[in-house]
Amino acid sequence: MDGYEEFKRRALSLAGIDLSSYKEKQMRRRIDSLVSRNKCSSYDEYVRLLRTDSSVFSEFINFLTINVSEFYRNPDQWEILDKVYLPELISKFGKRLNIWSAACSTGDEPYSLVMALSRHVSLGDIRIIATDIDKRILEQAKTGLYNEKSIKNVPEDLKKRYFRQIGPSFQISDEIRRCVSFRESNLLSDRFPDDLDMIVCRNVLIYFTDEAKENIYRKFYRSLKSGGVLFIGSTEQVADYKEIGFGRRNSFFYDKK
């Protein structure tokens, strides 16, 4: 199909999503599948449908924001967070840490952060900011209902303490949910929170272009306090971390010098 460049311009106007910041081959394949699924013969026809059908528009947003998440994803990295970085940050900044879970998807990550912090401080001292571009997925996160696969890596003691089974699903406790503040936000265009002790953004930026990734990492750097920590995913790396100003503690943790 022709007209993809014009479609990207219209997508930015309609949804505030800059498709030029995503890897084109992968993103165009996803969009073409949506166009076909909705029986449209062109990008123009699909744009008209996006403007007139709210369910198609919601599907578009959800399909582009790749929501793959689970609790304690890559458990060995969470063990390092628990044993090394959380104690360090609490010693440095106090027990009420200012933490942002960026591109939080279905809430698995910010809720994992609350549970990890609960080993070190009381729940009353925990407040996590959690953001995502997808309104629908944020509503799902607030509900806090998960399948067995999603919670398979949660340590057994925390699983018993903070989840209750409802049929085939597992509901996270209200006391954990109260520690997380969910907000809609676009990493590519919106202002980032300030004065942060830690930012967690994992397995998201792999879908962005190198230019977009570098811009976001620079904004992360500016949002962190001196000595603050960035926790990224196992499939990612901050390519120019020294130039940005980060120190690399290990493969997945960077600190602001």
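This is a predicted model: local features need pLDDT of at least 70, side-chain atom pairs count only at pLDDT 80 or more; totals for chains, interfaces and linings use all residues.
Residues are numbered from 1 along each chain as its sequence is written, and side-chain values use heavy atoms, with hydrogens and water left out.

Back to Glu45, which counts as partly exposed because its relative accessibility is 28%; buried means under 20% relative accessible area, exposed means over 50%, and partly exposed lies in between, with a 1.4 Å probe and protein chains only. If we leave aside residues up to four places away in sequence, Glu45 touches Lys39 and Cys40, and a contact here means heavy atoms within 4.5 Å. The C-alpha atom of Glu45 is also separated by 8.7 Å from that of Val35, which is 10 residues apart from it along the chain.

Now to the helix around it. How do the axes of α1 and α3 cross? Helix α1, residues 4–15, and helix α3, residues 43–52, have axes that come within 10 Å and cross at roughly 10°, so α1 is roughly parallel to α3. The axes are lines fitted to C-alpha atoms, for helices over the stretch in contact, and the angles run from 0 to 180 degrees between N-to-C directions; under 35 degrees counts as roughly parallel, over 145 as roughly antiparallel, 65 to 115 as roughly perpendicular, and the rest as oblique. On the α1 side, Tyr4, Phe7, Arg10 and Leu14 meet Tyr43, Asp44, Tyr46, Val47, Leu50 and Arg51 of α3. The residues of this contact divide into seven nonpolar, no polar and three charged, where Ala, Val, Leu, Ile, Met, Phe, Trp, Tyr, Cys and Pro count as nonpolar, Asp, Glu, Lys and Arg as charged, and the others, Gly among them, as polar.

Helix α1 also packs against helix α2, residues 24–37, at an angle of about 80° and with the axes 12 Å apart, which means that α1 is roughly perpendicular to α2. Here Tyr4, Glu5, Phe7 and Lys8 of α1 meet Glu24, Met27, Arg28 and Ile31 of α2, and by class this contact has four nonpolar, no polar and four charged residues.

Two loop residues also deserve a look. Most residues other than glycine have a negative phi. Tyr72, however, in the loop between α4 (54–64) and α5 (75–93), has a positive phi near 50°, and Tyr72 is buried, with a relative accessible area of 6%. Asn203, in the loop between β7 (196–200) and α10 (210–223), has a positive phi near 60°, and Asn203 counts as buried at 8% relative accessibility.

Finally, the whole chain, which has 11 helices and 10 strands. Of its 257 residues, 51% count as buried, and among contacts between residues at least 6 apart in sequence, 73% join residues at least 24 apart. The C-alpha atoms fill a box of roughly 55 × 50 × 25 Å, taken along the principal axes.

Methods:
Helices (H or I, at least four residues) and strands (E, at least two) are DSSP runs, numbered from the N terminus.
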